[in-house]
Amino acid sequence: MSRRFSASRVRLAARDQWPVVLPPMSIRLRLTLLYTSVLAASILVFGLALYALLTRALDSEVDQETTSRAHEIAVGIQVRGDPPADQLAVTLPPTTSMAPDTFVQVTDARTGQVVARSSNLDDRQLPLQPETLSLARQGQSSFETLRMDGQRLRIYNLPLLAKGRVVGVVQVSRSRATDDLLLRRLRLLLPTLAALALPVAAGLGWILSGRVLTPIEEIADSAAAIGRARAFALRVVHRGPLDELGRLAATINTMLAELEAAHRDLAVAKTDLEHTVAGQRRFLADASHELRTPLTTIRMNAELLRESESTDVSADHAKALADITDEAERMSRLVNDLLILARADAGQRLTLRPTPLRPLVEVAYRQAQLLAVGQEVELGTIEEAMVLGDADTLRQLLLILLDNALKYTPDGGRVIIVLCSVTGHAHLTVTDTGMGIVPADLPQIFERFYRADAARETSGSGLGLAIARWIAEQHAGRIEVTSTLGVGSTFSVVLPACLTNSASLPEPLTFR
Ligand code: ADP
């Protein structure tokens, strides 16, 4: 498992705690969060802009209306008397009180006394600030926003002129209660709409992104299934147009086609190789087989010539004949060994049947005694042991071990054969007091043609133990060696014991 933690996947739970690895966020969830955040930001910007524009529009509409009303009323006002000598007395035009949320009030500029007001004001007065009054006295109009009876009022203050002089102030005011109500509702409506729209948008986003991603998941699933089954002849199915997904499916299919071709080439190459190897094995087996007959003929004839040696045959002639016999014998053994291994490689089957080992050991013991040249061959413990095996090849295995033991043990040495039956296994050991094997050679002595340096002075081909191992494996067993240089070696063959006696097993079993 990778030890690298990506920053986005890891959050430290606390400074001194192990990092907590969060599962990666799915693309579907990320897309949904993205949609929803973009929508939330859009609603916020739109809402703020709408609110600001509406406020400005309402403000300017109120200002325009109060200004034009003030001028209209100022033109229609009748000033009575002769201010400033007299107290200002005015008559408002009859249309003054037509709009219920518009209030009009006229104040004497000199005294600050209210001299007239629209009937909808009842007994209330529009506020008039001293600064506003002094501006009006200077002939300047002004706007102000004030509160009266809990309502916001927008007031336009216009100087009232009579005979070119400022005699009063005409105040036209409009209540902002309706506008404020509208803006308050808007302030409430926008967040409510957002609160309703966002979950709906998130849900729709989740469904839509699921729909968009389903074909990708299908493509990934079919590619994974094809990979698992190694069915490279299959293709990823995509029924949509040749858009991004279509191109992805097409690219995967192109790769699958390449993979299929490579796989096919590989299979063809493998079959070719198998044919070649099988052909070589057959050739080796055939060659070994064919060589056996002429070699035997050569050997027999050379021996015949040697035996019928007459006095007129020279010593050189006799030596040459002896060499021919020896070499022919050596080659015969080599060819025999090669034939066994070639047949083993070609998958030769042994026919296994319940076989008692003890008689085989006794025969091999007697043969070894004949082969011994000064060594003592002994039988150690010999127990009864039955295995499922092939008597000929098992005898051959024993002879290989005994032949080696005698070959690599000098005169006066000992070779001991032991056969034990231990917990469902037959243990066959051949121990010698010979030259022993260098530890570095031990793992290799079962390889074909391997001969330890110390063994090169003796005759041999390096194939004996390879054959012995093959025979042990054919019997579902194993062969092991322990050796001490200069002290001797022990070769052990362990075979599974066969508990059935031969009479109760009608058909021989064939093992590969
Ligand atoms: P060969 O005996 O024909 O050389 P083998 O395959 O039978 O071939 O044995 C391989 C090698 O293992 C031998 O060359 C020898 O070095 C070593 N070897 C086998 N048996 C013994 C033994 N009993 N004592 C010492 N060395 C042995």
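## Sheets, aromatic pairs and cysteines in a predicted model

Phe143 is partly exposed, at 34% relative accessible area. The model it belongs to is predicted.

**Aromatic pairs**

How many aromatic pairs does a search of the whole structure find? The search finds two. Such a pair is described by the distance of the ring centres and the angle of the planes. The table gives both.

| Pair | Centre to centre | Angle between planes | Kind |
|---|---|---|---|
| Phe143 and Tyr156 | 4.7 Å | 40° | tilted |
| Phe446 and Phe491 | 6.5 Å | 70° | edge-to-face |

Take the tilted pair, Phe143 and Tyr156. Phe143 lies in strand β7 and Tyr156 in strand β8, so the pair ties together parts that are 13 residues apart in sequence. Tyr156 counts as buried, at 6% relative accessibility.

Now the edge-to-face pair, Phe446 and Phe491. Phe446 sits in the loop between β14 and α8, and Phe491 in strand β16, so this pair links parts that are 45 residues apart in sequence. Phe446 is buried, at 10% relative accessibility. Phe491 is buried too, with a relative accessible area of 8%.

Another ring has a charged neighbour. Arg28 lies over the face of Trp206, at 4.1 Å from the ring centre.

**The sheet that holds β7 and β8**

Five strands form an open sheet in the order β6-β5-β9-β8-β7. Their pairing is antiparallel. From one strand to the next, the twist averages 25°.

Inside this sheet, β5 (residues 102–108) and β9 (residues 165–175) run antiparallel and are joined by seven bridges. Val104 has Val172 in β9 as its bridge partner. Helix α2 (residues 130–137) packs on the sheet. Helix α2 touches β7, β8 (151–162) and β9, and its direction makes about 130° with that of β9.

Is Thr102 buried or exposed? Thr102 is buried, with a relative accessible area of 1%. Thr102 is found in strand β5. Leaving out residues up to four places away in sequence, Thr102 touches Glu65, Arg69, Ser118, Asn120, Val172, Ser173 and Arg174. Val172, one of these contacts, is the bridge partner of Val104.

**The sheet that holds β14 and β16**

Another open sheet of five strands has the order β11-β13-β14-β16-β15. Here the pairing is mixed. Strands β11 (376–382) and β15 (478–484) are at the edges with a single partner strand each, so one side of each has no neighbour in the sheet. Neighbouring strands are turned by 15° against each other on average, direction ignored.

Eight bridges join β14 (residues 425–432) to β16 (residues 488–496), and the two run antiparallel. In this pairing, Ala426 stands opposite Leu495 in β16. Helix α7 (residues 391–407) packs on the sheet and touches β11, β13 (414–422), β14, β15 and β16. The direction of α7 makes about 25° with that of β14. Helix α8 (residues 464–474) lies across β15 and β16. Against β15, helix α8 runs at about 135°.

**A pair of strands: β10 and β12**

Strand β10 (residues 350–356) pairs with β12 in the antiparallel sense, over four bridges. Pro356 has Met386 in β12 as its bridge partner.

In a regular strand the side chains alternate between the two faces of the sheet. Which residues of β12 (residues 386–389) point to one face and are buried? They are Val387 and Gly389.

**Cysteines**

How many disulfides does a search of the whole structure find? It finds zero. A disulfide is a covalent bond between the sulfur atoms of two cysteines. For Cys420, the closest cysteine sulfur is that of Cys498, and it is 18 Å away, too far for a bond. The cut-off is 2.5 Å between the sulfur atoms. For Cys498, the nearest cysteine sulfur is that of Cys420, and Cys498 is in no disulfide. Cys498 counts as buried, at 12% relative accessibility.

Methods:
Residues numbered from 1 in each chain as written. Predicted model: local features only at pLDDT ≥ 70, side-chain atom pairs only at ≥ 80, totals over all residues. Heavy atoms only, no water. Pairing = 2+ DSSP bridges. Axes fitted to C-alpha atoms, helices over the stretch in contact; angles between N-to-C directions. Contact = heavy atoms within 4.5 Å. Buried < 20%, exposed > 50% of the residue type's maximum accessible area, 1.4 Å probe, protein only. Phe/Tyr/Trp six-rings, centres within 6.5 Å; stacked < 30°, edge-to-face > 60°. Lys NZ or Arg CZ within 6 Å of the ring centre and 35° of its normal.
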